[in-house]
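Let's take a friendly walk through some local features of this model. Please have the sequence and the 3D view open as you read.

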Amino acid sequence: MHVLVTGGAGFIGSHSTEALLADGANVTVLDNFSAGKRSNLPETHANLRIVEGDIRDTDTVAAAVSGITHVLHLAAQVSVQSSVSDPVNSSQHNITGFLNVMDAARRAGATRAAYASSAAVYGSPQTLPLDESSPVGPISPYGLEKWINDQYARLFRDLYNFSSLGMRYFNVYGPRQDPSSSYAGVISKFASAITSGTPLRIFGDGGQTRDFVYVKDIARMNVHALKSSHNGICNIGTGRSVTLLGLVDALERCAGRKAERRFEPPAAGDIRESSMAPQRQRQWFNDQPATTLDEGLAALLATLPGH
Ligand SMILES: NC(=O)c1ccc[n+]([C@@H]2O[C@H](COP(=O)([O-])OP(=O)(O)OC[C@H]3O[C@@H](n4cnc5c(N)ncnc54)[C@H](O)[C@@H]3O)[C@@H](O)[C@H]2O)c1
């Protein structure tokens, strides 16, 4: 396989690049380094090519797809809040950028795409757990953009016979997720707060539930998705949700210290409960994210200064 990994210098992208290289693939990373870092990737590797460029630019994308057989499309404007404050900019990354990559890839003769969809397409769940036939109802431009990606991917299968799988990730966490950005995942914020001895800001009563999935499991599932011949969409998560307070307990256990919990008013639009049905991912990939929360948190904490 020669895989183009867009967003390959980012959080999920760099772990996926590592997994692909370990699996023997050739990898071309395309990243504009707006959030991704060179230091997330091996300094040199015989099978790795790094292209600095933007998925919004058709010439850049056309050059990057040369020689590829597969594409793993992860580059995106990833902030739900930014998509609300600037939906036009968000759509340029997440719809136009997606189309540029998919169209260039199939024109270059690639046979298969896996791409990052998101649990955000479901919006506020009507029933739980969420499976792939649950109704979609995005409540942000970000969620809508990911759903539009799913629709385009289906059309590309029908119109051009371009095979693809959209991965609806739940809440991904692990090393290299930036805790400093305003939209960072709750685990990266809490982990960095507990190691630096600053209070954990809990919005609402902490009873919200989420399915937290470890990034190395996501990377492995991405490799499966590229190699599989299943088409469509697939939820990716552990199938086990925890409350925010349960997460704080686990963090305290793994860090070996108590956290100061600071309760704040609930965040607007925060979804109360989220959980996913893991059956399709198990059937399609004969595998599922298996890292327990305690194992993943311990691995994350071990990478943080001050731990
Ligand atoms: N982290 C999660 O919990 C989660 C959940 C669901 C879906 N996703 C999706 O997974 C994908 C990867 O997210 P992540 O968490 O690794 O975020 P990230 O910000 O670490 O990765 C995104 C990467 O894309 C690059 N990028 C952004 N815009 C670009 C552009 N226009 N051209 C080229 N490169 C660009 C960034 O520099 C970065 O390296 C995204 O599509 C995101 O929407 C993430």
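## How α8 and α10 cross

The contact draws on Ala250, Leu251, Arg253, Cys254 and Ala255 from α8 and on Leu293, Asp294, Leu297, Ala298 and Leu301 from α10; contact here is when C-beta atoms, placed from the backbone, lie within 7 Å. By type, these residues are eight nonpolar, no polar and two charged. For that count, Ala, Val, Leu, Ile, Met, Phe, Trp, Tyr, Cys and Pro are nonpolar, Asp, Glu, Lys and Arg are charged, and the others, Gly among them, are polar.

The axes of α8 (residues 244–255) and α10 (residues 293–302) come within 9 Å and cross at roughly 55°. The two helices are therefore oblique to each other (under 35 degrees is roughly parallel, over 145 roughly antiparallel, 65 to 115 roughly perpendicular, and the rest oblique). Axes are lines fitted to C-alpha atoms, for helices over the stretch in contact, and angles run from 0 to 180 degrees between N-to-C directions.

## About the model

This is a predicted model, in which local features need pLDDT of at least 70 and side-chain atom pairs count only at pLDDT 80 or more, while totals for chains, interfaces and linings use all residues. Residues are numbered from 1 along each chain as its sequence is written. Helices (H or I, at least four residues) and strands (E, at least two) are DSSP runs, numbered from the N terminus.

## Helix α5 and its neighbours

Helix α5 covers residues 141–160 and reaches 27 Å from its first C-alpha to its last, close to the expected 28 Å (1.5 Å times one less than the number of residues). Its buried residues include Tyr142, Leu144, Trp147 and Ala153, where buried means 20 or more other C-beta atoms within 10 Å, exposed 12 or fewer, and partly exposed in between, with C-beta atoms placed from the backbone. The buried residues of α5 pack against α3, α4, β5 and β6.

## Backbone exceptions

Most residues other than glycine have a negative phi, and most peptide bonds are trans. Just after α5, asparagine 161 takes a positive phi of about 60°. Leucine 128 and proline 129 are joined by a cis peptide bond, with omega about -5°, and proline 129 sits in the loop between β5 and α5.

Arginine 176 has a positive phi near 85° and belongs to the loop between β7 and α6. Because 19 other C-beta atoms lie within 10 Å, arginine 176 is partly exposed. Asparagine 286, in the loop between α9 and α10, has a positive phi of about 50°; with 9 other C-beta atoms within 10 Å, asparagine 286 is exposed.

Terms used: Contact = placed C-beta atoms within 7 Å.
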